[in-house]
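The sequence and structure come first, and the description follows.

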Amino acid sequence: AGRAPPPKQERRDLTDMAAYAIDPEGTLDPDDAISLAPDGKFWVHVADVASMVPPNSPLDDEARSRAASVYLPTGVVSMLPPSVTAALGLGLHATSPALSFGFRLGDDGELEDIEVCKSTIKAQTMSYQDAHEAVEAGKEPFKALFAAAMRFRTRREAGGAVGFQFPEAEVAVSEDHEVEITELPLLSSNELVMEFMLMAGEAAATFAQAEGIPFLFSSQAAPGPPEPP
């Protein structure tokens, strides 16, 4: 109730495939989801904020200055007003507007047949724990999604990618101001989502280069010998 409909836009209907928004338990703004289409193509969907927030509007300027929603032990500092977050969160409504990145993954882990489109998707929210259990049980499409994620990782590591595994923790503060710190395990679903977000980034960059779209890239110098003290 009270949800303002987004402006009418031409969108590709991708509601024929299941989309899974995998996040920590209690996430209020699910903003990405993953699909495996019936034709074997992978999709990463990102909540299309631009469908409700006009570029260079006061709301857009404020969201840019905040850059992200910050989850603190005692509350959340939102990038967008709660009404907009609630309207755009993937899996919070029957359908959602998204920016979708489609691609196939070759046997060598290379992205192929990349496409990008504005879309309408049908997503469902899912916790990392539930997704992890689906992967471990070999349920589809999670079995296929995880296999693809590991194939992509193998290609990245063969190209010199380095990964760091640091312990993660959740900090909670009770009403009595007691602080509780809980170590979070690294789940197969964490790895799945991470690799698919990297795939989406590569797909976006490849598409932008092919279409001549100005794009920001992050890079770093190649490693060299250690400098003497």
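## The β2-β3 hairpin

Strands β2 and β3 form a hairpin with five residues between them, and Gly40 in the turn has a positive phi of about 90°. Helices (H or I, at least four residues) and strands (E, at least two) are DSSP runs, numbered from the N terminus. The model is predicted: local features need pLDDT of at least 70, side-chain atom pairs count only at pLDDT 80 or more, and totals for chains, interfaces and linings use all residues. Residues are numbered from 1 along each chain as its sequence is written, and side-chain values use heavy atoms, with hydrogens and water left out.

The pairing of β2 with β3 is antiparallel and has five bridges; two strands pair if DSSP finds at least two bridges between them. Within this pairing, Ser35 has Trp43 of β3 as its bridge partner.

Two of the partners in β6 are Phe101, which is bridged to Val44, and Ser100, which is bridged to His45. Strand β3 is mostly covered, with five of its six residues buried, where buried means under 20% relative accessible area, exposed over 50% and partly exposed in between (1.4 Å probe, protein chains only).

These strands belong to a closed barrel of five strands in the order β1-β2-β3-β6-β7, with mixed pairing. Neighbouring strands of this sheet are turned by 45° against each other on average, direction ignored. Axes are lines fitted to C-alpha atoms, for helices over the stretch in contact, and angles run from 0 to 180 degrees between N-to-C directions.

## Helices across the sheet

Helix α4 (residues 142-158) lies across β1 (12-23), β2 (32-36), β3, β6 and β7 (111-127), at about 105° to β2. Helix α5 (residues 188-211) lies across β1, β2, β3, β6 and β7 too, running at about 145° to β7.

## The α3-α5 contact

The axes of α3 (residues 128-136) and α5 come within 7 Å and cross at roughly 95°. Helix α3 is therefore roughly perpendicular to α5; angles under 35 degrees count as roughly parallel, over 145 as roughly antiparallel, 65 to 115 as roughly perpendicular and the rest as oblique. From α3, the contact (heavy atoms within 4.5 Å) takes in Tyr128, Ala131, His132, Val135 and Glu136, and from α5 Ser188, Ser189, Asn190, Leu192 and Val193.
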